[in-house]
There are 2 protein chains.
Amino acid sequence: MSVHIGVDLGGTNVRVASVLENGEVEEMMQEATDAEQGSAYTIDKIIRMIEAVADGRKIEGIGIGAPGPLDPHRGIILDPPNLPGWDEVPIVDQIAKHFKVETKLNNDANAAALAEAKFGSGKGYDSVFYITVSTGVGGGLVIDGKVFNGAQGYAGEIGNMILNPHGYQYSNLNKGALESYSSGTAMAERFHEHFGQYGGAEDVFSLVSQGDEKAQRIVDEAVDYLAMGIANVTHVINPAVFVLGGGVMNAGDLIWVPLQDRLEDYLYPGLVPHINLKQAALSGEAGVIGAALLPGQ
Amino acid sequence: MSVHIGVDLGGTNVRVASVLENGEVEEMMQEATDAEQGSAYTIDKIIRMIEAVADGRKIEGIGIGAPGPLDPHRGIILDPPNLPGWDEVPIVDQIAKHFKVETKLNNDANAAALAEAKFGSGKGYDSVFYITVSTGVGGGLVIDGKVFNGAQGYAGEIGNMILNPHGYQYSNLNKGALESYSSGTAMAERFHEHFGQYGGAEDVFSLVSQGDEKAQRIVDEAVDYLAMGIANVTHVINPAVFVLGGGVMNAGDLIWVPLQDRLEDYLYPGLVPHINLKQAALSGEAGVIGAALLPGQ
């Protein structure tokens, strides 16, 4: 029996899995990324993990999901903030040279988008826009079962979408970008401003469920901007479905009900009956499953 | 010899042309739309114009570009503000019944996008985002030579993209939508506010070329928001080229130089060297040429 290998390379951990044709994870290994040891060290580790998971079986293909920016066409990791010290790392060449099989690289959000489109909540739709609302806000577009990378690989980078030219600014993002309002990091920052404590989105939601009005305003703002972001994507490409994942989207009705509600206000009336927001189905495994789907894309 | 027919149905005029395989307009007729006489009247007129242009030759296919909203899948014009009184008009059925050839409907911006992608400034690129900056702001996306309509036909409707939740509001658009800042209508409104006179974008540009600072601020604002809109589209789908048409884009360096400049500020640094903005090449004929390309899409 042969195996399809998916590698989910994150800033903290790297996971390698063998994924079956039906999208099920057969076997998965996880280790610390140790990015600061340099790319050669981590890539050696990935190669050993792939060998362990494959366990002597023929490898059909290897896909790698990694933090951006990266170049999916050339298979090179550029200089991601989440992999400090990595600079123009030709990871595809290095891994393909060892295993001599088709090896593909794409960013983690695109890999997750592909997994959701093929085996998760986007299954059966010809255009799927995946959004992850977590530490940051990222996205990925899948059209007719294929990742739409865009000319330079920046399709889906909606965290940087400008929604308020007079708004907050974080790191290297545009002033008033979606991520500066709707990410878990943004909510944690507002939490600190308003409550003088350090915490995360989950603390804000916890206060909201106790009826706290200041916390509610933090959620309202995050949801409002997320709705604007979704409306803007709709008025650019009008995908058949939006699949939303990431920790912030696990807050249940506290986020999904107002999101649906606000979104209706921002769409042309003809679109309102067709709003199609779904929660991601594959959660933590989307990364390796999607990565395993990259070869042959 | 057989002919491909393109119909450009506007609020004021309707134009019918025979278009050659190389994209050249062979013959074109224009008449008043007389939309207020009702759709049956106008459609009869279109049928007579098609017969006149075809002049007994075999018709290969008929394409119609019309103002939105419309349903390209069902071939129905919904209730466009520019065709008052028209409501759920099955124009494709009515015209196809008469000529018994493949007949397709799409919105005017998508038709123009297709023409520019195939024969104009977007030729040779696998993803083309066309933007018209005129009375309104509209757009169309062409991927691999095909119009990308989106699930409900709203792809490319970037005039409604929210860029400032505290901004201007026009008609049925979102508050702070792109069109409320960068359209010719928006510039004319600012002109009236600041100068107490009625005029158009061309009057604003004329004052700018004379060194008027108030007029310059009007242009700066329009350009700034247009740059944000283009940046947002880039961070959603990263098309290989943007093709910009419409009257406002005829202002030469007064608009193109600051636009390029502002856009650089709003893109991830990795994208800046790849900015690819081009002026539309087919101008007034893009509508009929693109319409003629719709059958077979």
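Two strands pair if DSSP finds at least two bridges between them. Strands (E, at least two residues) and helices (H or I, at least four) are DSSP runs, numbered from the N terminus. This is a predicted model: local features need pLDDT of at least 70, side-chain atom pairs count only at pLDDT 80 or more, and totals for chains, interfaces and linings use all residues. Residues are numbered from 1 along each chain as its sequence is written, with chains lettered from A and ligands numbered from 1 in the order in which they are written.

**View 1. Strand 9 (residues 137–143) of chain A and strand 10 (residues 146–147) of chain A.** The two strands pair antiparallel over two bridges. A:V142 has A:V147 in strand 10 of chain A as its bridge partner. Two residues separate the strands in a hairpin, where A:D144 in the turn has a positive phi of about 50°.

**View 2. Strand 8 (residues 127–133) of chain A against strand 9 of chain A.** Seven bridges join these antiparallel strands. A:I131 lies opposite A:G139.

**View 3. Burial of strand 9 of chain A.** Seven of its seven residues are buried, so strand 9 of chain A is largely enclosed by the rest of the structure (buried: 20 or more other C-beta atoms within 10 Å of the residue's own, with C-beta atoms placed from the backbone). A:V137, A:G139, A:L141 and A:I143 point one way; A:G138, A:G140 and A:V142 point the other.

**View 4. Contact between chain A and chain B.** Each chain gives 35 residues (contact: C-beta atoms, placed from the backbone, within 7 Å). On the chain A side, helix 7 (residues 213–237) of chain A supplies the largest share, eight residues.

Technical notes. Contact = placed C-beta atoms within 7 Å. Buried ≥ 20, exposed ≤ 12 C-beta atoms within 10 Å, placed from the backbone.
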